[in-house]
Structure formats: C-alpha cells, structure tokens
Amino acid sequence: MIIMNDTERIDTLIEALPYINIFQDNIIVLKYGGNAMVNDSLKESVMQDVLLMKSVGIKPVIVHGGGPFINNMLTDLNIETEFKKGLRVTDDAVMNVAEMVLSGQVNKDIVKHYNKIGGKAVGISGKDGNLIKVKKKYIEEHNNKGEIRQVDIGLVGEIETIDPALVTLLIDNDFVPVISPVAADMNGDTYNVNADYVAGEIAGAIGADKFILLTDTKGVCKDKDDESTLLAELTLAEVEKHIESGVISEGMIPKVECCSHALRKGVRQAHIVDGRLKHSLLLELFFDAGIGTMIIPHEGGRVL
C-alpha cells in the first residue's frame, strides 16, 4: 500500500486540477468490459471513478459488454455456441440468453452498484427509444477455391442508425445512462451488437468529447508481448500505419478501429486504458503521465 503524507495528497490534487477544470461539462463515453466487470474490487473502483467524474462536472455515459456472463449462462443451460472471426454465432436460443444477461443481469447490476455509492444511473438497451437500429451482419470467408462468400452468423447486428434523443435526455437530467448492446432491426427483430462499436457510434452521435475503452491490456504496444513498449499517443495516420505494418494486430484491431471511427465522427480524443488497474480512469484522465494509449485525429489534436 502506498502511504501519502499531507503534502503529497495536496500535490496530487493540484496536478489533477487543470484536467478537472478543462473537462467540466465534457461528455465522456466509457466502454466498460473485460476484467473490470468480473472482478468485484475493480468493479467498485470503476463505479467510484465514474461517480467522481460526475461529481466534478463531467457527463459520463457507460456502454457495457458481458461476454463472460453470457458464456456462463449458456454453459449452465447446456446451449452450445461458437465464434466466427471473433463474433458469436447467435441463433434464437443464444439471442434470448444474451438479451436476458446483457439487458437484465449485467445492465441492472451496473446500475445497482453505481446507485449504491450515491450516483444516479438509468439502465437502457439499444431498443429503448429506438436508440440503435441495425441490419443483419454477415462475415466473409474464403471457400476451398479461394472465392469469397458471405456467411450468415445469425442474430448479430450491424449498426445502421443512432437516435441519441433518449441518451441526451438522460444526460440533461443529471443521470448516467448505462447502455446494453442489444438492438432491433426495422422489423423489430432483436440482435446482439458488438459493444465496442456501439460505444464508438454513440460517442459520435451524441458529440462526446472523449471515448474511453477499458480493456485487459495496457494499451497499444509496439511489441504486443512487451508492455514496456506502450505507445502513449497515436494519430489516426499512425494507427493506419501500425495496422499495415502488423504492430497493431488481432484483437487490438477492432478496438483501434472503433476509436478511429469515433474520432472521424467528431469525438476529440479516444483512450485505450488498462481496466485491470484500479482507478485506471482517473489515472488516465487527471494526471500528466496517463497510463494508456490516447488516439487523436492529427498532430496538435491533444486537448491538454
């Protein structure tokens, strides 16, 4: 445990003060997932961070995943599932479980924990207020002749439109929206949607100032096996260069892609932050060194 004397406590507050001032009234969209959702101590830390952000004038919005909880429930119910290119093949039975877990268990658990410590959160899904409209998503695979074919992976949605009216209403009335990545198509059929992309799209649609992805990695590293090679700041052009060179690969690609998409929609800064570290949100936002990777549109795009 780190023991701080009174002077060090004051120095810490002084270091955070410029960031607190500049971020007042900023909308910050947080994609909440990974180990920070399943570890009770980390869960408490995230809720405390969000409450402090709200207390100093920031307007947080939480979008959550819940893959491990879906896996557990499917196992308990003896329902088999598979993944193709990182996406869960979703039939009617799997979709029923996913909606129950995401919009019921996980969403309301986040709301409960945040409200218990003094916050005011409201849990919704992409279906509420027609927040998200989707179409069926297909993936591409090569057959044994090398030809590309589209593969149906079931009730997995690709976002078509975002209507942010409900989210904006909640923000304007001093609530923290907590959003489950379940949405409907134009016929009212229910789909599961990748939570990273939901968060990025919502951030763009509501004009968020920052977009933060909580992950189980330190951030973007030049050598993915060596966290000491963390890249603290990247521009959109550098992201594209690192994807082409293979520095950014595998599971990090969709994370930086949804960050990049949010920036192109007008979000000023995106952050990939290690959710395995307690109070990682505050450390990234309010202190000079930061702890993750910040992505900005271009050189000179840093706010502070």
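This is a predicted model: local features need pLDDT of at least 70, side-chain atom pairs count only at pLDDT 80 or more; totals for chains, interfaces and linings use all residues.
1. Lys120 has contacts (heavy atoms within 4.5 Å) with Tyr114, Asn115, Asn173, Asp174, Phe175 and Val176, leaving aside its neighbours within four places in sequence.

2. Residues are numbered from 1 along each chain as its sequence is written, and side-chain values use heavy atoms, with hydrogens and water left out.

3. Lys120 sits in the loop between α5 (92-116) and β5 (121-125). Its relative accessible area is 41%, which means partly exposed (buried is under 20%, exposed over 50%, partly exposed in between; 1.4 Å probe, protein chains only).

4. The protein chain has 10 helices and 16 strands (DSSP runs numbered from the N terminus: H or I of at least four residues for helices, E of at least two for strands). The chain is as compact as a globular protein of 304 residues, because its radius of gyration of 19 Å is close to the 19 Å of the globule rule (taken over C-alpha atoms; the rule is 2.2 Å times the number of residues to the power 0.38).

5. Of the 304 residues in the protein chain, 48% are buried. Among contacts between residues at least 6 apart in sequence, 74% join residues at least 24 apart.

6. Along the principal axes, the C-alpha atoms fill a box of roughly 65 × 45 × 35 Å.
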